[in-house]
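The sequence and structure come first.

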Amino acid sequence: MPADKGFLRGNACLCCINDVRKQPWHATGDLVAVCVGRVAGSCKTQEWCICTITEGIVAAPILWCRMRNMLMVDAYALNRLILRMYREGREVPLGSFQAWALEQLQSLLAFDSAWWGNAAVEPPALHEVFLHNCDESILRDYPPWLEQDFFRAALVASPGVTVNMSDLTTRARYVRTALYRQLGRRFKVEWSLGTLQMEPSSSLYEFLTLWRHDRRRPFSEAERQIKELVMPHLVEMHRAVRLRHFLRIPNVINREWAVVDARGILHEASPAFLALMSILWPHWPGSALPEPLLPSVCAGQAYLSSELRLDVTSCGHLRYLSTRSDGVLAQLSPREGEVATRYAKGETYSAIASSLSLSPATVRNHIAHCFRKLGVNNKAELAHRLEGKA
């Protein structure tokens, strides 16, 4: 079957096929390269197939190959960089990690300034931002322009994909924008290379955008690929450093824990913590702590209520939250607490039902509710939670 009439329909880049058709010197039996990508008309794909020409038509592919702009020397350098960051980064203090990581990245990808932080998509807002070689006034002056920033819009539309400003617009158009006249020129943002990664524990995203100050030095496609490959590692290493920092604090390891900033914005959280918040506040959106917790947590004080008890450990602008081991029963109703305690000690449904004048079905329902609230899956885990061992 001819490739452009069947096999490559919807896959092959149409401009490549049309270009082949226009060349009079292509004879039957000639080999041609046709790029293959889901976006018709775009030659930026890195996959190609080798096809034969049969009576002027691109025939089915006989060989697939993958072409990369990145040279092997670049791949080896990238591999060394990632290994170095994993091996050495584990000993870098949390407060120094972003500066240290950007210093390592500069050994492979040159840039003049950068910002690295967390933000929300809806409503659009910047949260914690680390600035590298950039005046802090940008944090005050940028927010009014946030929704007009075409570069940010491109990042939000393609999480995980590194965006090169030169792929979005020409320099002539960029310098005529109000964004450049009001901010770009002042902060020397002549070229941008950015990536956005969604955080698994909240609706926030982590972003890192590199800037160059020299208008004659746009970022290349090879540099875009390097940035895209290294970004997930940077995000995961940053998460690991945060967690390691808090897990070194004595007596705070717990199944229900979270790391938030001084405003209550979630940075990390265990599944059990998220489940508990959803049970206590069914309409909780998930990106920030529920409102009742904010006064205590933002002040760095423990939160105590009839349903929940949280310890709060302050570390700079971050807070580590963990449920108190002596507050487990406070998460249950009095009846649930009594049923859970008896069940964890080995009593059967029937025995509990008889002692408390309940039906076995009601006992089963209470135990199911206890499992959900405490984030456990069986009797052994329930016993450990009630004993404060997990």
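## Aromatic pairs

Tyrosine 349 is partly exposed, with a relative accessible area of 29%, whereas tyrosine 343 is buried at 13% (buried means under 20% relative accessible area, exposed over 50%, partly exposed in between, with a 1.4 Å probe and protein chains only). The ring centres of tyrosine 343 and tyrosine 349 lie 5.7 Å apart with planes at 15°, so the pair is stacked. Rings of Phe, Tyr and Trp (its six-membered ring) are taken to pair if their centres lie within 6.5 Å; planes under 30 degrees apart count as stacked, over 60 as edge-to-face and the rest as tilted. The model is predicted: local features need pLDDT of at least 70 and side-chain atom pairs count only at pLDDT 80 or more, while totals for chains, interfaces and linings use all residues. Residues are numbered from 1 along each chain as its sequence is written, and side-chain values use heavy atoms, with hydrogens and water left out.

In the whole structure, 10 aromatic pairs are found. For tryptophan 115 and tyrosine 142, the centres are 5.1 Å apart and the planes stand at 85°, so this pair is edge-to-face. The pair links distant parts of the chain, 27 residues apart: tryptophan 115 belongs to strand β4, and tyrosine 142 to the loop between α4 (138-141) and α5 (150-157). Helices (H or I, at least four residues) and strands (E, at least two) are DSSP runs, numbered from the N terminus. Tryptophan 115 is buried at 7% relative accessible area, and tyrosine 142 is buried at 6%.

## The cavity

A search of the whole structure gives 1 cavity of 30 Å³ or more. On a 1 Å grid over the protein atoms alone, a cavity is a set of points where a 1.4 Å probe fits but cannot get out, and a pocket is an open set with protein on both sides within 12 Å along at least five of seven lines; lining residues have an atom within 4 Å of a point. Grid points are joined across faces, edges and corners, and a volume is the space filled by probe spheres set on the points.

The largest cavity holds about 340 Å³ of space. It is lined by 24 residues, and Trp115, Tyr142, Asp149, Phe151 and Trp211 are the closest to its centre. Two or more lining residues come from each of β4, α5, α8 (178-184), β7 (191-198) and β8 (204-212). The lining of the largest cavity divides into 19 nonpolar, 3 polar and 2 charged residues. Here Ala, Val, Leu, Ile, Met, Phe, Trp, Tyr, Cys and Pro count as nonpolar, Asp, Glu, Lys and Arg as charged, and the others, Gly among them, as polar.

## The second largest pocket

The second largest pocket has a volume of about 340 Å³. Of its 17 lining residues, Leu94, Gln98, His238, His317 and Leu318 lie nearest the centre. The elements β4 (113-120), β5 (125-132) and α9 (221-247) each give two or more residues to this lining. By class, the lining of the second largest pocket has 7 nonpolar, 8 polar and 2 charged residues.

## Salt bridges

The whole structure has 15 salt bridges (a side-chain nitrogen of Lys or Arg within 4 Å of a carboxyl oxygen of Asp or Glu). Arginine 140 bridges to aspartate 141, with the closest N and O atoms 2.9 Å apart. Arginine 140 is exposed at 60% relative accessibility, while aspartate 141 is buried at 16%. Arginine 216 forms a salt bridge with aspartate 214 at a closest N and O distance of 3.1 Å. Arginine 216 is exposed at 70% and aspartate 214 is partly exposed at 23%.

Glutamate 221 and arginine 224 meet in a salt bridge of 3.0 Å, N to O. Both sit in helix α9, 3 residues apart, which means that about one helical turn separates them. Glutamate 221 is partly exposed at 28%, whereas arginine 224 is buried at 14%. Elsewhere, salt bridges that share partners join Glu236, Arg239, Arg242 and Glu268 into one network.

## The five-stranded sheet

An open sheet of 5 strands runs in the order β10-β9-β13-β12-β11, with antiparallel pairing. Its edge strands, β10 (266-269) and β11 (303-304), each pair on one side only. Two strands pair if DSSP finds at least two bridges between them.

Strands β12 (residues 309-315) and β13 (residues 318-323) run antiparallel and are joined by 6 bridges. Leucine 310 has threonine 323 in β13 as its bridge partner.
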